[in-house]
Amino acid sequence: MNTSKNVLILGANGFIGSSLCWAILNRTNWNLTAFDMADGKIQHCLGRDRFVFKKGDVTKDTDWIEAQIEKSDVVLPLVAIATPALYVKDPIRVYNLDYESNVSVIKMCVKHKKRIIFPSTSEVYGMCQDSSFDEYSSNLTLGPIPKERWIYSCIKQLLDRLIWAYGAHEGLDFTLVRPFNFIGPKLDDVKNPKEGSSRVLTQFIHNIINGKSIKLVDGGKARRSFTFIDDAMDCLLKIIENKNGCASGQIFNIGNPYMDFSIKQLAEMLVELVATYPGYAEAAKNVKIEDVSSKDYYGEGYQDVAYRIPSIKHAEELLGWKPKTDLKTALKLTLDYHLAGKDYELESARA
Ligand code: UGA
C-alpha cells in the first residue's frame, strides 16, 4: 500500500469512517483529509502526520468540500443515516442527508474527474430470494411505499445507478461497496443507544449491562451475516489501493457469508459472553429475553429482511480478499472495548 495517494473521507467520525482513518494512518503512507461534524471516534487519529481533519456540516461547507475533492485522488462520501428505526421515524431526514448531500458530492467527483468509492449497502438487495446475494445477478426486491423502511435502500440503489451511469457514459472512475452488517467496537454508542435507534449489537450490549430486557423483534428469527470491521478494512484498503485498476468500475459485497446467525442466536451468544466479564456476570444472569412484534418495536412502516448472505466470490477473485474473523472473536473484541477498557486497535499499534 505504498503508492502515494490523497484520500478524502467525508463522514470520518462514523463507524466505518473512523475505522478506515485508523487503518489508513497505520497501514499505508497515504495522505488523509477527513471531515465530520464530530470527532469523538477519531481522537486517536488527531495530530497524526499525514492527517488533516475539519469539523463541519456536509450540507453547508460545500465550497470547502469541493476544494478538497479537487486536491484528492480518491473520495469516500460516507455521510449517511444508517439505522433502520430512523428510516421509519424520519424518512425525510434520511432522504435529505443520504440522498441530497451525496448526490452533490458525486457530481463534484464527475466535474473534477476524481475517483469515487461509494458506500452502497447490503440493504439494496432487500427481500431478495437468492440463497446468497450477487452484485451482478441478484434482483433488488423492495416492499411497498407505505413500508418506509425501504427509503434508505431505495436512495442507495438510485445513487448506485447514477454512479454506474456516470461511469458508463461520462468516464467516472468508481467502485460501489456493499457492507454486510459490519460490527466492532465503535459501531454505535453503547452508553446511549436510544431504544430502537441503534443497530442490534449495540442495543443488546446496552440492554444486558443496564438490566433492561433484550427485545427480539418477531422472535429474533431474522438472520444476518456479521462481518468484523477489521476484515472489512482489509477489503476497503485493497479497493482504495486499486492495484492495476482491479476495483475500478466494479461492485463489491463486503461481508462474511460464513457468519450467518439468527438475531436470537446473537442474543444468546452475547449473554453467554458478557457473563465472562467480572462485574457483568450478575447482569448477564438476570437478563430477560422478550419477544416483541416489529409493529410494536418499529411501527407500521417497518418490514424486515429475513436473511442476508453475501456472495463474496467477486471480492475473492478480483481483490484476493477473504474475511478471517469468526463471530465469537468479533463479539469478544467488541466487549473487551466496552466492558474491560481494552482497545485492541491501540494495543496493536503500540506493539
Ligand atoms: C442495517 C442498517 O440498515 C444499516 O446499518 C446497514 O446498511 C445494514 O444493516 C448493514 O449493516 O448491512 P439491519 O441489519 O436490519 O440493517 O439492522 P439492525 O438494526 O442491526 O437489525 C438487525 C435485526 O435485529 C433486525 O431483524 C431487527 O429487527 C433486529 N433487532 C434489532 C432486534 O431483534 N432487537 C433490537 O433491539 C434491535
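User: Is phenylalanine 133 buried or exposed?
Analyst: This is a predicted model, in which local features need pLDDT of at least 70, side-chain atom pairs count only at pLDDT 80 or more, and totals for chains, interfaces and linings use all residues. Residues are numbered from 1 along each chain as its sequence is written, and side-chain values use heavy atoms, without hydrogens and water. The cut-offs are under 20% relative accessible area for buried, over 50% for exposed and partly exposed in between, with a 1.4 Å probe and protein chains only. Phenylalanine 133 has a relative accessible area of 0%, so the residue is buried.

User: How many aromatic pairs does a search of the whole structure find?
Analyst: Rings of Phe, Tyr and Trp (its six-membered ring) pair if their centres lie within 6.5 Å. Planes under 30 degrees apart count as stacked, over 60 as edge-to-face and the rest as tilted. Searching the whole structure gives 11 aromatic pairs.

User: What is the angle between the planes of phenylalanine 133 and tyrosine 307?
Analyst: The centres of these two rings are 5.8 Å apart.

User: How does tyrosine 307 count in terms of accessibility, and which aromatic cluster holds Tyr307?
Analyst: Tyrosine 307 has 24% relative accessibility, so it counts as partly exposed. The cluster is formed by Tyr125, Phe133, Phe180 and Tyr307.

User: Which elements hold phenylalanine 228 and tyrosine 344?
Analyst: Their ring centres are 5.7 Å apart and the planes are at 40 degrees, so this pair is tilted. Phenylalanine 228 is buried at 3% relative accessibility, and tyrosine 344 is buried at 15%. The pair ties together parts 116 residues apart in sequence, because phenylalanine 228 lies in strand β10 (residues 227–228) and tyrosine 344 in helix α13 (residues 344–350).

User: With which side chain does the side chain of lysine 186 make a polar contact?
Analyst: Lysine 186 sits in the loop between β7 (182–183) and α6 (200–209). With a relative accessible area of 10%, lysine 186 is buried. A polar contact is a pair of N or O atoms within 3.5 Å; within protein, one must be able to donate a hydrogen and the other to accept it, and residues adjacent in sequence count only if both atoms are side-chain atoms. At 2.9 Å, the partner is glutamate 345.

User: Which side chains place a polar atom 2.7 Å from an oxygen atom of the ligand?
Analyst: Asparagine 181 reaches a ligand oxygen atom at 2.7 Å with a backbone N or O atom. Polar side-chain atoms lie 2.7 Å from an oxygen atom of the ligand in tyrosine 87 and in glutamate 123.

User: How much of the ligand's accessible area does the protein cover?
Analyst: Accessible areas come from the Shrake-Rupley method with a 1.4 Å probe; for residues, only the protein chains shown count as cover. On its own, the ligand has 720 Å² of accessible area, and the protein covers 96%.

Note on methods
Helices (H or I, at least four residues) and strands (E, at least two) are DSSP runs, numbered from the N terminus.
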